[in-house]
Amino acid sequence: MDYGTLRGVITIVVMVTFVGIFAWAYSSSRKKQFDDAANLVFSDEEINTVSNGSGDKK
């Protein structure tokens with residue numbers, strides 16, 4: 001197997017991977033999950049991530 005053949009095989013593998021990710025991202029069965037994830041920024045629930053022992057001294 002020479003260098004040109006290896007480059008061709010790698011190109012095909014990358015192209016098939018890209019098409020697979022594209023199909024997964026734009027499939028209608030994933031639309032609701034992606035819409036829910038996109039709207040998490042606007043949720044009213046506040047997440048408390050500050051702990052009492054955070055090291056901040058006042």
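Helices (H or I, at least four residues) and strands (E, at least two) are taken here as DSSP runs, numbered from the N terminus. The model is a predicted one, in which local features need pLDDT of at least 70, side-chain atom pairs count only at pLDDT 80 or more, and totals for chains, interfaces and linings use all residues. Residues are numbered from 1 along each chain as its sequence is written, and side-chain values use heavy atoms, leaving out hydrogens and water.

The protein chain holds two helices and zero strands. Of its 58 residues, 0% count as buried, where buried means under 20% relative accessible area, exposed over 50%, and partly exposed in between (1.4 Å probe, protein chains only). The accessible surface of the chain is about 6000 Å², with 62% belonging to carbon and sulfur atoms; such areas come from the Shrake-Rupley method with a 1.4 Å probe, and for residues only the protein chains shown count as cover.

I10 is partly exposed, at 47% relative accessible area. Together with M1, L6, V9, V13 and V14, I10 forms a nonpolar surface patch with about 600 Å² of accessible area. Patches are made of residues with over 30% relative accessible area and no salt bridge, like charges being joined within 9 Å and nonpolar side chains (Val, Leu, Ile, Met, Phe, Trp, Tyr) within 5 Å.

Turning to the rings, a search of the whole structure gives three aromatic pairs. Rings of Phe, Tyr and Trp (its six-membered ring) pair if their centres lie within 6.5 Å, and planes under 30 degrees apart count as stacked, over 60 as edge-to-face and the rest as tilted. W24 and F34 make an edge-to-face pair because their planes stand at 90°, with ring centres 5.4 Å apart. This pair links distant parts of the chain, W24 in helix 1 (residues 3-25) and F34 in helix 2 (residues 31-38), 10 residues apart. W24 is partly exposed at 44%, and F34 is partly exposed at 31%. Ring pairs also join F18, F22 and Y26 into a cluster.

What about charged side chains? Two salt bridges are found in the whole structure, each defined by a side-chain nitrogen of Lys or Arg within 4 Å of a carboxyl oxygen of Asp or Glu. K31 bridges to D35, with the closest N and O atoms 3.1 Å apart; both residues lie in helix 2, four residues apart, about one turn of the helix. D36 bridges to K32, again with closest N and O atoms 3.1 Å apart. K32 is exposed at 58%, whereas D36 is partly exposed at 40%.
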